[in-house]
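Keep the viewer open as you read.

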Amino acid sequence: MTSRSVYLWDRLAGAVIRGGGIAVLACVLGICLYLVLTALPLFRSGSATTIPAPALPIHELPRLAVLGEYGQAVALLGPDATLRSIALPGGEVFSEVRRGDRPREVAVVSAPDRAGLVAVAFADGGVDVGTIRIDTRILADAEVPASAASIPIGASVPVVRGAAGVLIERTGERQFRESTAASDLRPVILPGAGGPIARLDFRGDPGGARFLATLAADGAGVFGTVRSVRPLGGGIPRERLTSTPFSIVPPAPGAGIPDWLFIAFDGRHLLALWRDGTLQRYVTPSAATPGMTSPPGIRLVETVSVLDGAGVRLSAAGMLLGGVTLVVADDAGGLRAYQPARDPASPAADAMRTVRSSARRFDAPVSALAMSGRERVVAVGLADGTLVVHHLTSGKDVVEVDAGFGDPVATAAVSPRGDTLFAIGQDGRSAAWAIDRGHAESSLGVLFGRRVYEGEAAPRWTYQSSAADDAAEVKMSLVPLIYGTLKATVVGMFLAVPLAVLAAIYTSEFMRPEARRVIKPAVEMMASLPSVVLGFIAAMVLAPYVRQFLPAILLAVVAVPLGVLMLAHLWMIVPQDARTGLSRRWRLGLIAVAVGSMVAASALLARPIERMLFVPSRADRLVAAGSFEPLPPDAWPAWVGRRDTMSADEERRLRVRGLYFRAGAVVRPVDAPDVTLPPATGDLRRWLDGGIGRPWPGWFLALALPGVLCAWLIQSRIDRRRTRSPDSSPRSPAVLEAARFALAITLGLCLAAASAALLGAFGLDPRDSVFGPFSQRNALVVGIIMGFAVIPLVYTISEDALRSVPNALRSASLGVGATAWQTALRVVLPAAGSGVFSACMIGLGRAVGETMIVLMATGNTPEMTPNIFSGFRTLAANIAVELPEAEKGGTHYRVLFLCGLVLFAMTFVINTSAEVVRQRVRRRTAAL
Amino acid sequence: MSLATTDPGLPFASSPPPVAVRAATPRAGGARKPTSPLAHGEPLVWIMGAGLVLCIVMIAGILALVAVHGAATFWPRPIDRVALRDGTTFLGIPLRDEQGPDGPRRLYRTGNRDAGLPPFRWVDLAAVAGTERPPDALLLDRRNWGIWLGEPTAVTIERTDLLPPDAAPVQLEIPPGAQRGRQTDDVLETLPDGSRRVRSRVYLAEGAAPTLAALASAQPEAAARFARIEAGTRETLGPINGRIERARLDLRALELEAARRAGDPLPALPRWAFGGLAALATIALAVSGPLARRRPSADRSPRAGRVAVRLAIAAVGIAAALAATLEHPWSRTPIPAERIEAARASTARLTAALEAEYARAVAELAALRVTDDRLRVIVTDPATGRFAPRRQTEPDEPLPLSQVTRVTAPNAEPWSGKLAIYLDRWWSFLSEEPRDANTDGGVFPVIFGTVVLTILLSIAVVPLGVVAALYLREYARQGPLVSLIRIAVNNLAGVPSIVYGVFGLGFFCYTVGGYIDRGSPLPAPRSLWWIGLGGVLLSLILGATLAAAARTSPESRPRPFLARLVALCWALAVALAIWLVASTPYFSGFFAEKLPSPTYGGKGILWGALTLALLTLPVVIVATEEAIAAVPRSVREGSYGCGGSKWQTIRRIVLPQALPGIMTGAILAMARGAGEVAPLMLVGAVKLAPELPVSGDFPFIHPERSFMHLGFHIYDLGFQSPDSEAARPLVWTTTLLLVLIVLVLNLAAILVRGRLRARVINASV
């Protein structure tokens, strides 16, 4: 009789073990699920809840609405220059301030910039500048008035304090916050003031300078910087304007004055915009660069149209924070953003062009626009009473709400934190919403697509997660990171796979078992080397060596395989009797000698070959000696434009056409007989930087190995056909073989040289693709060190796959007379092929996710160039660099989780395919 | 034998037979024609060999590099006095030569950072007039500011005492056994605040040889005194601070509890209901057992109805007991304000008392410090003529002797003396704590952190890995589920380690750790939670009942539908239970009083170990599976034949036989965990951990503390260090240490595996 406890234990253990097994599956699913769940909110839009706002006592539409930092109150500037402040959940007017003694009629108000700077022009011709904002401060316990001490947490109460009222909120158990509407508008004297101002803009730059631009109804404009001057005796500071007059150039007869005037680019540009879509860009004296000879004053440089349809008129416009991007909206529901960007080919005098950076079409005409002061978010009021909060970079509608007015939204405002939205309809009704903005700045388009970022003329993939100031755009495209990951992987695998697979075949097929028992664990040991050690060695030891011995390393890549093959052919010439004994016992030693001698030869020959190949061309030397003539400007390539400097890249583009850039002009070398040329010494690094030389040597170097391989294959094809003829029985086949191989090398090199010349003739330069400027921490270093991480893995698994081929197959093959080599190549390798493939895939998976090596041995710059001498940033390194600093739950944090998810997905695909292939292999070897 | 017919998929089957093979076939009757050299493929074999040679050279090279650099670091190198052609001289330790832009140049380590000179100096060999090795040249290892090179000048006793008004300066005390030398006159200074200060200096030794001798005799005592001061700071002041903090936290916890109770009024359930219900259910359960046993039954298998009834009674009991503990109706009364006030007052009293104690301890230590500060050493740098200063801001005050950790005169040392210094340096490297932004000192906490992490990791990973392997080998029926699990295991092995770090940070640190700290972030409403509990109990009852129904007798046909239903019930119960724990409104965290600074909700060694456990799980699974598979089937069948149950067979037969394999897996997992850095950067490893994760303070093991790790230390020293050249020797030694640990673990695994294989071969014979 079995005891009950045995029965019970058996059941219990079974349950625990089953549960544990399934928990492993749950682990993988759980990791994946957790990453997905964390990254998913990036793609959701936000949500809004209505803040109860009773009918506001507004009878005249305000000219300006400013929301407080926490969305607790809104300040409204009425047409009679009265500033009313309204508590938002509640609607009480807690403060009402009027400027001066008598009411003044407001003519026009500028939109507040990100620091809250506002200019107000009055109908009487005066202009005030300053800020309108809602100040908050935390109250000390003693300051809390009795009326506010017992309100519930989250509520607010208006309190009269001094001349104006304040709003006191209770934010915590013993925490109170006081909000005050503050305006420090002060008059500024305009030169020649007379007529009322019709348009104006007022804006500061990060350095603290403030710019004012005004336009009178007669078209006379004034632009200048405003400074606060404190009188000597103390007292209220006065605002003083240093001004430059300008006048608008009418785009068409009778066009009148522009409907909007904006200061852009930190006071360097003025933008004049008409309702018919005409945009004029003026440059101010502050835009002058040292090299450019520009007359003083304000000049028109560009006139473009910002409409994209006929019969449409603009209905609203504004400048985004940072003052670079202009947002326009039209009465067909279109919302577009424009920005000036550097473009050498632009016809404008300052080599800039106004480009469109984003576009969105709504169903109803746009009636109001409001810019956020903190991010690239704009609140769009539509004619059907709908309000949309739209993020310009991500192109995402964060929130869409119906104001319930039934008629167009007249004024809208977003709080600085983007968490409160406020709107006023045409009839004075108002509404407010608390917004959960979600992750407004991320969308599929931003994360994987190209975007026109500020200051750029064309859409690009860019990753730049942190910026110097909050006005700068965060660029979160993962494509450069994925590119970097693939680049690291490809370069690493390029070195590791041949070495590992070749070594595995040798170990499995040509090595004595006793040697194999030592060698294999030794290589496996390499797998356990911590990657932080490899990364440290890559950065501290290998990178300086690569820098120093770059020509030798490049030469060795070509010379070692070819040289070893050649030496092997020569070895075959040695009479067989002398050979056999040595070959059997000391073959690996012989090979080591061959490899060593080829490495030594590469090191010795590298310098002379570098001097010989990477020489400056005759044209380079002519220009260096000063023998050149300028080209007439109409013969310049169109993209050169007007400029005083060129990047190395652009100079190289010129040189491909045989042209140079000297002292601001495109020049052509002139072959004069009496010129003393500088000596032609080759230098690989200068060649890589694009300073000297023609494309040919680079192509030659890159094509040498493929060329020789090609020639050899062709040769062996011809050779096979020839051997079939029964008569030919060479007396010394080894000599013939060696000669043939030497011929193949020569032919291959000639082939490479010819194709290099051909590619060069087509104007293709390897320095635009695989080669380029050298930086010390580069892909080549990573590739070499990545080999250490990947080789052992690929080696062990391939060797196991090769060894698992049944010995019967080998015996059969050898039995019918095949040599060991033929058996290995045609019997063992095909049988174990998929195992070797699976090994390579597993190595690939390791290379994709390698972190410490790339983190330490690359510059971690998210570039997208195929150049093997430049740095890059991989997904894994990006996570390691940025995740410790990312705020938990924020957009950046979730983007990094998305990086992890992408990495997970990449390795999942690779590993699963490897596993599927391996399971097939297992079945097949079982069948054999 | 025809391969082509057995497997037409092989490519050589369809291609024509290779020509060379035909050439190699001996012709009937004719002379044997020599085989074409092409057939041997010797050149291509050479290329393969070249690949292997390169691989071996790479690994040998990297190991040799680490070994040479790491081992050479602590060997005392000679100090050169270099005279330059421009007439200047300096002391420097030659490090390496290099081809510079202007011919060959040599790197000297010159130290003396606080004298305002660069600690490393490249010198063009062409500019050197001559070098010599002065036997007196001295190398001081200091607690701060790195090394100092100079010539020993004097050992002094320094006095800078504040004088009470109208008091005459007293004689300086000389330590017993010291030789009193020349004494400078007392200098009286009047400080800006009106007090007076007397300064004087007594030379205990002057000149190179006496100074060296005096240093040798006085330095150990000074070091011991300094150690006493440090120990006093740590062992006296630290605990007092800890007690003050504890008192503050206790008060805060009381306040939080009061606020929670105030916002959460007493529920309307009568107190006795819970207890009564629980008692009733317990009695019912106790009675139902004997009742059921008394009934005659044909087989021992439980009948479904009986199981359901008993489980239902148990469930009611559990629910009632749970309700009684969670709702604890007798203690939900609000905490009276007087009690809080009293607690505040007593905390204030305690704090004041502790602060007084603290001040006393500080005063005692200060007296010791004054004595310690008197003994100074003057070592002059010939380049500037300045001696090693007390601080960079006090260049005229000589260095206190206790600040010197080691005095070396390498030029005069014989070979054996150098060896002694070398070993001593290694010992202090292994046993001391890091100093000077990790660029100096030892790595003891780093090794300690690595070891604790590795132990925690293996504790976590081995049981889980063994259970998973047992499931795969012993319990699971081969099918799609097992294939899926195998793919999952392989993916676990292939997922980049940094992804584990990301997951660990998000899940372990922020989610689980945050839960431990402050409870559920989104607590469910109470009623919903109790409904959820009911759901768990119900699905458990249902599952058990169905399982009993499905197993009425061993002979009956298996019912797959019922089995699936049972599995569904279990899954539902598990999912609901996880939800119950995650959203409980009854748990507000163990460390809520410490918020907003996280306790478990941040980086910690526990989370690091769990993350690495997940990472190394496949290693253990694969190794264990291999070991279990190697246990011969016959042994198992023997056990079954003797009447052993499955679990008995596994526990007594399979697991002991598979133990070496499991150990291999554990060791390999430890090796992998010890060498992994990327995930640790995210979940636990820090540049400088103030406290060790295991210490003498209660509760002795602190799994929430962050820790230092050898791999991260290498990254930090090599890449984040303010003075990377000075840190470089230490990086090499740390690297050597890490490589040694990892290699030794791997070797151990290989050896164990080798023994296992040998046994398997023996067993199968």
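What follows covers the ground rules, aromatic pairs, charges over rings, salt bridges, a helix and the cysteines.

## Ground rules

This is a predicted model, where local features need pLDDT of at least 70 and side-chain atom pairs count only at pLDDT 80 or more, while totals for chains, interfaces and linings use all residues. Residues are numbered from 1 along each chain as its sequence is written, chains are lettered from A and ligands numbered from 1 in the order in which they are written, and side-chain values use heavy atoms, with hydrogens and water left out.

## Aromatic pairs

Over all chains, the structure holds 37 aromatic pairs. Rings of Phe, Tyr and Trp (its six-membered ring) pair if their centres lie within 6.5 Å; planes under 30 degrees apart are stacked, over 60 edge-to-face, and the rest tilted. Trp687(A) and Phe771(A) form an edge-to-face pair, 6.3 Å centre to centre with 70° between the planes. Trp687(A) lies in helix α10 (residues 684-688) of chain A and Phe771(A) in the loop between α12 (733-761) and α13 (779-803), so the pair ties together parts 84 residues apart in sequence. Helices (H or I, at least four residues) and strands (E, at least two) are DSSP runs, numbered from the N terminus. Both Trp687(A) and Phe771(A) are buried, where buried means under 20% relative accessible area, exposed over 50%, and partly exposed in between (1.4 Å probe, protein chains only).

In chain B, the ring centres of Phe74(B) and Trp426(B) are 5.1 Å apart and their planes lie at 85°, so this pair is edge-to-face. Phe74(B) sits in the loop between α5 (42-72) and β1 (80-84) and Trp426(B) in helix α10 (residues 415-431) of chain B, 352 residues apart. Phe74(B) and Trp426(B) are both buried.

## Charges over rings

A charge sits over a ring if NZ of Lys or CZ of Arg is within 6 Å of the ring centre and within 35 degrees of the ring normal. Arg177(A) places its charged end over the ring of Tyr70(A), 3.9 Å from the centre. Lys646(B) lies over the face of Tyr475(B), at 4.5 Å from the ring centre.

## Salt bridges

Glu239(A) bridges to Arg186(A), with the closest N and O atoms 2.9 Å apart. Glu239(A) is in strand β16 (residues 238-247) and Arg186(A) in strand β12 (residues 186-188) of chain A, so the pair ties together parts 53 residues apart in sequence. Glu239(A) is buried, at 6% relative accessible area.

Arg391(B) and Glu394(B) also meet in a salt bridge (2.3 Å, N to O). Arg391(B) is partly exposed at 44% relative accessibility, and Glu394(B) is partly exposed at 22%. Both belong to a salt-bridge network that also links Asp373(B), Arg376(B), Arg390(B) and Glu397(B).

## A helix and the cysteines

Helix α3(A) bends by about 35° at Met493(A), the bend being the angle between axes fitted to the seven residues ending there and the seven starting there. In α3(A), 24 of the 32 residues are buried, so this helix is largely enclosed by the rest of the structure.

Zero disulfides are found over all chains, a disulfide being a pair of cysteine sulfur atoms within 2.5 Å. For Cys750(A), the nearest cysteine sulfur is that of Cys710(A), 14 Å away. The sulfur of Cys55(B) is 13 Å from the closest cysteine sulfur, in Cys840(A), too far for a bond.

Notes
Salt bridge = Lys/Arg side-chain N within 4 Å of Asp/Glu carboxyl O.
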